[in-house]
Amino acid sequence: MKAVLRALVVIVVCLALVFGLAYVVGDSETHVAGWPLLVVLAAIAMGVQWLVFIPSFIYQTEHYYDLTGSLTYLVIVGLAVLLAGGALDARGLLVAALVSCWALRLGTFLFRRVKKAGKDGRFDVIKTRWSRFLVTWTLQGAWVFITLLAALVAITSTRQAPLGLLAYIGLLIWLAGFCIESIADYQKSAFNGKPENQGRFVDVGLWRWSRHPNYFGEILLWMGIAVIAMPVFEGLQWLALISPVFVVFLLVKISGIPLLEKRAEQKWGDSLDYHVYKKETPLLMLRPPRK
């Protein structure tokens with residue numbers, strides 16, 4: 001019972017945060033059926049997760065978790081573009097294209113990976129209890145909407161500004177992050193695909209310069225999106241800068257690096273090579289290994 005109550009508290013907090021941000025950050029002039037556009041998009045983001053949670057729990061599968069997250073990015077961005085009406089400009093189209101490109105690549109990659117592996121070890125225990133599993137899907141809905149917040153402001157804001165130096169700087173940051181994440185994912189897949197590397201930790205390519213280069217790339221690209229969007233922020237819309245901060249917080253402190261570091265320690269904690277790798281290779285930032 002305590003576990004269920006804790007889960008419900010987390011869900012309520014997530015909903016309050018998501019809908020609170022949607023209400024205060026959204027453009028007051030853009031409504032759908034009488035509701036602020038961002039509130040409607042937030043409801044869709046959360047609703048999609050809960051709908052897919054039901055069959056996923058019934059059939060005890062996590063195979064569609066990451067794919068659902070990526071598709072939700074595409075759906076929310078697509079709806080924002082369609083419903084923005086006259087507010088949409090070059091900045092909004094650029095941001096929408098960048099987010100869609102990232103979501104298509106990452107969603108396809110993650111879905112193929114979990115299908116090939118047969119499971120995602122993170123869910124072995126979580127998926128057996130409906131309350132914990134529902135929390136995970138709720139957190140994904142919050143993750144999608146909050147990380148998209150700066151992009152959604154750029155797409156839907158009635159305040160427009162021509163693309164300038166800041167937009168091009170943001171685009172370069174996004175490109176750097178996208179390339180780093182894509183290359184890191186490819187290198188890890190190629191490494192793990194070789195029979196001689198079974199049971200080994202990846203320490204080649206970008207993974208020699210960082211223990212989590214894919215996360216570093218993801219943080220960079222969301223920072224780039226925020227920089228592109230900033231020129232149209234006004235008033236409480238500046239709260240949309242929570243987007244890249246939220247990405248950093250979750251990846252570095254909650255669901256990303258801490259979980260993977262713990263699993264790595266369990267698998268290779270007795271290996272001298274692994275401890276040397278940890279000593280020489282930074283946790284997140286890319287830099288040459290320390291000898």
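Glutamate 280 and arginine 208 are both buried, a term that stands for under 20% relative accessible area, with exposed meaning over 50% and partly exposed the range in between (1.4 Å probe, protein chains only). The two side chains form a salt bridge in which the closest N and O atoms are 2.6 Å apart, a salt bridge being a side-chain nitrogen of Lys or Arg within 4 Å of a carboxyl oxygen of Asp or Glu. Because glutamate 280 belongs to helix H10 (residues 272–280) and arginine 208 to the loop between H6 and H7, the pair ties together parts that are 72 residues apart in sequence. Helices (H or I, at least four residues) and strands (E, at least two) are DSSP runs numbered from the N terminus. The model is a predicted one, in which local features need pLDDT of at least 70 and side-chain atom pairs count only at pLDDT 80 or more, while totals for chains, interfaces and linings use all residues. Residues are numbered from 1 along each chain as its sequence is written, and side-chain values use heavy atoms, with hydrogens and water left out.

The loop between H6 and H7 also holds arginine 211, and because its partner glutamate 261 lies in helix H9, this pair ties together parts that are 50 residues apart in sequence. Glutamate 261 is buried at 16% relative accessibility, and arginine 211 is buried at 12%. Helix H9 spans residues 257–268. Leaving aside residues up to four places away in sequence, glutamate 261 touches Arg211, His212, Tyr274, Lys278 and Leu283, where contact means heavy atoms within 4.5 Å.

Across the whole structure, 7 salt bridges are found. One of them joins arginine 105 to glutamate 181, with the closest N and O atoms 3.6 Å apart; since arginine 105 lies in helix H4 (residues 90–117) and glutamate 181 in helix H6 (residues 165–192), the pair ties together parts that are 76 residues apart in sequence. Arginine 105 has a relative accessible area of 19% and glutamate 181 one of 2%, and Arg105, Glu181 and Asp185 are linked in a network of salt bridges. The charged end of arginine 105 also sits over the ring of phenylalanine 109, 5.8 Å from its centre, the rule being that NZ of Lys or CZ of Arg is within 6 Å of the ring centre and within 35 degrees of the ring normal.

Turning to the aromatic rings, pairs are counted for Phe, Tyr and Trp (its six-membered ring) if their centres lie within 6.5 Å, with planes under 30 degrees apart taken as stacked, over 60 as edge-to-face and the rest as tilted. The count comes to 16 aromatic pairs. In one of them, phenylalanine 233 and tryptophan 238 have ring centres 5.3 Å apart and planes at 85 degrees, so the pair is edge-to-face. Phenylalanine 233 is buried at 3% relative accessible area, whereas tryptophan 238 is partly exposed at 39%. One aromatic cluster is formed by Phe53, Phe57, Tyr65, Phe133 and Trp137.

Valine 232 is placed in the loop between helix H7 (213–229) and helix H8 (242–254), and it is buried at 1% relative accessibility. Its C-alpha atom is separated by 6.0 Å from that of glutamine 160, although the two residues are 72 residues apart along the chain.
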